[in-house]
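Colleague: Please put the model on screen. I would like to go through its pocket, fold and surface with you.

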Amino acid sequence: MVINPTYLAQRTRSSVNWQDAKRRVTKSYREWLRSAPEIQQMYSLNMPISEIRTKIRQEFERHRYVNQLPVVDMLLFQNHSEYQETMNYWKQLPHVLKYFREKEDPTAKLPQSFMQGFLEGRN
């Protein structure tokens, strides 16, 4: 397998207006949904494709009510970076599974304090 670091690379750009931002978000969302079967196969995930797509939707819904255009542009940049790293297989399995942690372990939550997180071995 040849590693091509420019595969899926895009130039960073700002949205001109809200319609442009909405179009870019929709395009990104569709890219993620279409790649769910490939993600499942590449990372050998033991879960149905529908569950992966549900998690993708939840991640997009988390930022649904962002109302500042520069923040949307920053989220789009981070989103595309995640997509490129995932599809180029630059992530390892634990990096992908961190999105599904709370489903597998209902007690998974952020520590109450820094010291508690430190003692648990979390960053």
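**Pocket, fold and surface**

Modeller: Helix H1 (18-42), helix H2 (49-61) and helix H3 (69-87) each give at least two residues to the lining of the largest pocket. Helices are DSSP runs of H or I, at least four residues, numbered from the N terminus. This is a predicted model: local features need pLDDT of at least 70, side-chain atom pairs count only at pLDDT 80 or more, and totals for chains, interfaces and linings use all residues. Residues are numbered from 1 along each chain as its sequence is written, and side-chain values use heavy atoms, with hydrogens and water left out.

Colleague: Which helix supplies the largest share of the lining of the largest pocket?

Modeller: The lining has 33 residues. Ile-56, Glu-59, Phe-60, His-63 and Asn-79 lie nearest the pocket centre. The largest share is nine residues, and its source is H1.

Colleague: How many helices and strands are there in the chain?

Modeller: Along the sequence the pattern reads α-α-α-α-α-α. The count is six helices and zero strands.

Colleague: What percentage of the contacts between residues at least 6 apart in sequence join residues at least 24 apart?

Modeller: A contact means heavy atoms within 4.5 Å. The C-alpha atoms fill a box of roughly 45 × 40 × 25 Å along the principal axes. Of the contacts between residues at least 6 apart, the share joining residues at least 24 apart is 65%.

Technical notes. 1 Å grid on protein atoms, 1.4 Å probe; cavity = no way out; pocket = protein on both sides within 12 Å on 5 of 7 lines; lining within 4 Å.
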